[in-house]
Amino acid sequence: MTERPRTLLAAIGGIDVLRRLSNTFYEAVLADPLLAPVFADFTRTHIEHVAVWLGEVFGGETRFTDELGGHQALLRAHLGLKITEEQRLRWMELMTAAVEKELPDDELLRRRVVEYFDWGTTIAREVSADPEGTDLGDPGPTPRWGWDGLV
Ligand code: HEM
């Protein structure tokens, strides 16, 4: 059996692959009638910020924590969005298609990445029910996701 790289990020092929994933995903989101209205304030920096977040979650450098406000800023970005389960499922559908297009053809890797998105979108939806400006307290460090799920 060939040995797996230590982190999911290494198996993914690095941050540039996550940039492509994020780009492909948001192209689909902005063309989707159910999701496009949720992303009315979308800018291209969003694509880069999502790639940086994912790079950290999947075992890379702590750049989102060090430069972009960390776990709390990520959660805060979703306050007040009132994400419905239908919207969350569409988000998952479009992201799963992007994973299949952009990530290496490794079944376990793709499964772990999609599991992270299922977990993360559930939290995003919960947080989105609270109004903008809600004090979230200290949510702890940015989560890390590996070959066995949440680290
Ligand atoms: C694992 C799941 C998710 C991750 C990793 C994620 C990641 C992010 C990140 C990093 C940002 C900040 C972007 C920036 O600074 O420009 C953000 C903002 C945002 N997210 Fe998510 N997100 C997730 C789930 C969702 C879901 C399910 C929805 C809606 C269906 C959603 C809607 C939004 C919107 C609308 C914003 C932008 C808010 C604004 O304009 O400032 N996200 N997300």
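Predicted model: local features only at pLDDT ≥ 70, side-chain atom pairs only at ≥ 80, totals over all residues.
**Helix α6**
- Trp-91, Leu-94, Met-95 and Ala-98 are the buried residues of α6.
- Viewed down the helix axis, these buried residues fall within an arc of 100 degrees, so they line one face of α6.
- An α-helix has 3.6 residues a turn, so residues three or four places apart point the same way.
- The buried residues of α6 pack against α2 and α7.
- Glu-85, Glu-86 and Glu-100 are exposed on the other side of α6.

**The largest nonpolar core**
- This core has 27 residues, and Leu-8, Ile-12 and Phe-58 have the most contacts inside it.
- Two or more residues come from each of α1 (8-12), α2 (15-30), α3 (45-57), α6 (85-102) and α7 (107-128).
- Of these, α3 gives the most, with six residues.
- Setting aside neighbours within four places in sequence, Phe-58 is in contact with Thr-7, Leu-8, Leu-9, Ile-12 and Trp-145.

**His-49**
- An unreviewed UniProt entry places the feature "binding site" at His-49.
- His-49 lies in helix α3.
- With 20 other C-beta atoms within 10 Å, His-49 is buried, because the cut-off for a buried residue is 20 or more.

Conventions. Residues numbered from 1 in each chain as written. Core = buried A, V, L, I, M, F, W, Y, C linked by C-beta atoms within 7 Å. Buried ≥ 20, exposed ≤ 12 C-beta atoms within 10 Å, placed from the backbone. Helix = DSSP H or I, 4+ residues; strand = E, 2+ residues; numbered from the N terminus. Contact = placed C-beta atoms within 7 Å. Arc of directions from axis to C-beta. UniProt positions renumbered as here; feature names shortened; annotations may be inferred.
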